[in-house]
Amino acid sequence: MFPKEWLSAKPIESFSTSVSAPANIAFIKYWGKKGPQLPANPSLSLTLSESRTLTEIDFKLQNKLSVELWFEGKRAESFEKKTLDYLISLSQSIPVLGQYHYKIQSQNTFPHSSGIASSASSQAALALCLSQLMARATHTGVDWNVASSLARLGSGSACRSLKGSFVVWGETSRVPGSSDEYGLDVTKLIHSSFHNAKDCILISSSKEKEVSSRAGHGQMKEHPFAQSRFVQARENFSQMWDGLLKGDWEKVGELMEVEALTLHALMMTSNPGYILLEPSSLEIIRLVRLFRKESGVPVYFTIDAGPNIHLIYPESAHAKVEPFVRHELIRFTENGNGVIWDQMGLGAK
Ligand code: PMV
C-alpha cells in the first residue's frame, strides 16, 4: 500500500511544513466499516472551501517517537494521544516515522467536533504533512493516492479531503478507478451545473457531540439494519451518480436528503440508540422543504454526524437562498448567528 522506497527510507535531520486541508460533506454517507478502515459501501462528497484545518509540523530527528500537539494555541492532550497512536501504528509499516519528535500546531476555521467533519480536515492535513516529509526523505513527489490512504487510516472520511471537488471513496463498478483504499477525484465527470455548488452550514449547536463517529461505526457491526443499509447505499450511490452526470439537481437533492435522514435513523436505531439532532435541526429541515415547495428553488439539506444542517444548492440560487436563510432560518441557529457560507473547494494545499 505504501511506496516501497518509504519502507526503507533514511531519516532527514529536520523538516518543517504547513498544510491547509478542507472539510467535506458527504452526499452518500459512509457509515460502517470493515478491515483496516475500509468502507462497507462507496461514498461521495463535496469538498468545502472555507471550512478548513491549518496544520504546521516541525519534525525533529531523535531516537524515538514523541508528539507535542497545540490546538488553537493550547496544548491538546486528547488529540495528542490520538495522533501518537496513529503515528505509532504507521511507524510499524514505515519505520522512519518512529524516529521523530513531532511538534504540531493546528487550528480550524470552524468549531471542532460540531458535526462539521473536523476529523476529516485535520487528518487530511496531517497526512499531507507526513507525505511531504516522506517525499523529501525519498527524493520523490507527493502521491495524492498515498496521501489519501494515509488520511483514511486516521479517519475514513478524511481520505475525501485531499484532492478534488467531488470525491468518491469505495470501490464501485459505476466509477472506474474507484478504490476502498483512497478517495478518487471525479470532478471532471460531474455535470457543470454542480460546479461551484454552495453549502450554507447552519450551526444548530457547536457543543461537542456525545457519541463519536468511531463508536457509531462500531455499532454498525451488530446493527439489525446494517446489511440492508449497505445495499441501499449502493443503490442510492448508483442513482445519484446518474443524476450527477446528467445535471439532475432534483434527483441528487432528494437522494441526499434520504441519505442524511438514513444516517440519523441508523444512529437512533443502534443499541444503545442516540439522537444527535436538536429540535432546531428539525425545524430547519421543515422550513427548507416548505420553502422549496413554495418557491421552486432547488435547495436541499444534508447532515453530518451532528446537529448542523448543510443547505446544498446551485450557485445560481444564491440570491434567493440568502434572504431565506437570513429571514427564516438564522433564528434557529446557535446564538442567532450560527451560519457558515461555504461552497465547493479544490482540496488541500
Ligand atoms: O470519518 P469518520 O470515521 O469520522 O466517519 C464519519 C462519517 C460521516 O461523516 C458521518 C459520513 C461521511 O461519509 O462523511
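Trainee: In which hand does H2 pass H3?
Mentor: In this predicted model, H2 passes H3 in a right-handed crossing. The axes of H2, residues 77-93, and H3 come within 13 Å and cross at roughly 40°.

Trainee: How is an angle of that kind put into words?
Mentor: Angles under 35 degrees count as roughly parallel, and 65 to 115 as roughly perpendicular. H2 and H3 are therefore described as oblique to each other.

Trainee: Which residues of H2 and H3 meet?
Mentor: From H2 come Lys82, Thr83, Tyr86, Leu87 and Leu90, and they meet Gln123, Leu126, Ala127 and Leu130 in H3. Sorted by class, the residues of this contact between H2 and H3 are six nonpolar, two polar and one charged.

Trainee: At what angle do H3 and H4 pack?
Mentor: Helix H3, residues 118-137, and helix H4, residues 144-154, pack at about 130°, and their axes are 8 Å apart. Roughly antiparallel would call for an angle over 145 degrees, and H3 and H4 are therefore oblique to each other. As for the hand, H3 passes H4 in a right-handed crossing. On the H3 side the contact is made by Gln123, Ala124, Ala127, Leu128, Leu130 and Ser131, while H4 contributes Trp144, Ala147, Leu150, Ala151 and Gly154. The contact of H3 with H4 comprises eight nonpolar and three polar residues, with no charged residue.

Trainee: What does serine 179 touch?
Mentor: Not counting residues up to four places away in sequence, serine 179 touches Trp169, Gly170 and Glu171. A polar atom of the serine 179 side chain also lies 2.8 Å from the backbone nitrogen of glutamate 181.

Trainee: And where is methionine 1 found?
Mentor: Methionine 1 is in the segment before helix H1 (4-7). Leaving aside neighbours within four places in sequence, methionine 1 is in contact with Val146, Ser149, Arg152, Leu153 and Glu181. Separation can be read along the sequence and in space: methionine 1 and glycine 73 are 72 residues apart in sequence, and 35 Å apart from C-alpha to C-alpha.

Key:
Residues are numbered from 1 along each chain as its sequence is written. This is a predicted model: local features need pLDDT of at least 70, side-chain atom pairs count only at pLDDT 80 or more; totals for chains, interfaces and linings use all residues. Side-chain values use heavy atoms; hydrogens and water are left out. A polar contact is a pair of N or O atoms within 3.5 Å; within protein, one must be able to donate a hydrogen and the other to accept it, and residues adjacent in sequence count only if both atoms are side-chain atoms. Contact means heavy atoms within 4.5 Å. Axes are lines fitted to C-alpha atoms, for helices over the stretch in contact, and angles run from 0 to 180 degrees between N-to-C directions. Helices (H or I, at least four residues) and strands (E, at least two) are DSSP runs, numbered from the N terminus. A crossing is left-handed if the near helix is turned anticlockwise from the far one by less than a right angle, and right-handed if clockwise. Ala, Val, Leu, Ile, Met, Phe, Trp, Tyr, Cys and Pro count as nonpolar, Asp, Glu, Lys and Arg as charged, and the others, Gly among them, as polar.
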